[in-house]
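Subject: Structure for you to look at

Hello,

I am passing on the structure we spoke about. Please open it alongside this message.

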Amino acid sequence: MQRITEETFRILVNAGSVRKITIQPAPWNGKERWAVVLKLGMDEATIQSARTEVRTWARLASLARWLKAQGCGVAELRVV
């Protein structure tokens, strides 16, 4: 799975290259967190952060606000 920066994510969203956005649980240090998985053609990618390989959010609401600010209108939520 590829790792992309937030800037690359914004470029791909604006270009219409992201086929699907999935929000899924990402356990981190025993705590429940949320991560984004993107479908780019036949490949999948996650958003990387400055400190870790995969950017995660503690609250689903904050992740939804972030996606909206990036120009994303629809995302699938996976809870399992």
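Predicted model: local features only at pLDDT ≥ 70, side-chain atom pairs only at ≥ 80, totals over all residues.

Core

The largest nonpolar core has 17 residues, and those touching the most other members are Phe-9, Ile-21, Val-36, Leu-38, Leu-63 and Leu-67. At least two residues of this core come from each of α1 (6-15), β2 (20-25), β3 (34-40), β4 (43-47) and α2 (60-69). Strand β3 gives the largest share, four residues. As a general point, nonpolar side chains in soluble globular proteins tend to be buried together.

With neighbours within four places in sequence left aside, Val-36 is in contact with Ile-21, Thr-22, Ala-45, Thr-46, Ile-47, Trp-57, Leu-63 and Leu-67.

Aromatic rings

Searching the whole structure gives two aromatic pairs. In one of them, Phe-9 and Trp-66 have ring centres 5.4 Å apart and planes at 15 degrees; the pair counts as stacked because planes under 30 degrees apart are classed that way. This pair joins distant parts of the chain, since Phe-9 belongs to helix α1 and Trp-66 to helix α2, 57 residues apart. Phe-9 and Trp-66 are both buried.

The rings of Trp-57 and Trp-66 have centres 5.0 Å apart, with planes at 45 degrees, so this pair is tilted. Trp-57 is buried, as is Trp-66. Through these ring pairs, Phe-9, Trp-57 and Trp-66 are linked into a cluster.

Ala-35

Ala-35 is a residue of strand β3. Its relative accessibility is 4%, and Ala-35 therefore counts as buried, the limit being under 20%. Not counting residues up to four places away in sequence, Ala-35 touches Thr-22, Ile-23, Gln-24, Ala-26, Val-54, Arg-55 and Thr-56. From Ala-35 to Ile-47 the C-alpha to C-alpha distance is 7.9 Å, and the two are 12 residues apart in sequence.

Surface patch

Which residues form a nonpolar patch on the surface? They are Leu-77, Val-79 and Val-80, with about 340 Å² of accessible area together. Val-80 sits in the segment after β5 (76-77). Val-80 counts as exposed because its relative accessibility is 86%, and the class begins at over 50%.

Regards

Terms used: Residues numbered from 1 in each chain as written. Heavy atoms only, no water. Patch = residues over 30% accessible without salt bridge, like charges linked within 9 Å, V, L, I, M, F, W, Y side chains within 5 Å. Areas by Shrake-Rupley, 256 points an atom, 1.4 Å probe, with all protein chains shown as cover. Salt bridge = Lys/Arg side-chain N within 4 Å of Asp/Glu carboxyl O. Buried < 20%, exposed > 50% of the residue type's maximum accessible area, 1.4 Å probe, protein only. Core = buried A, V, L, I, M, F, W, Y, C linked by side-chain atoms within 4.5 Å. Contact = heavy atoms within 4.5 Å. Phe/Tyr/Trp six-rings, centres within 6.5 Å; stacked < 30°, edge-to-face > 60°.
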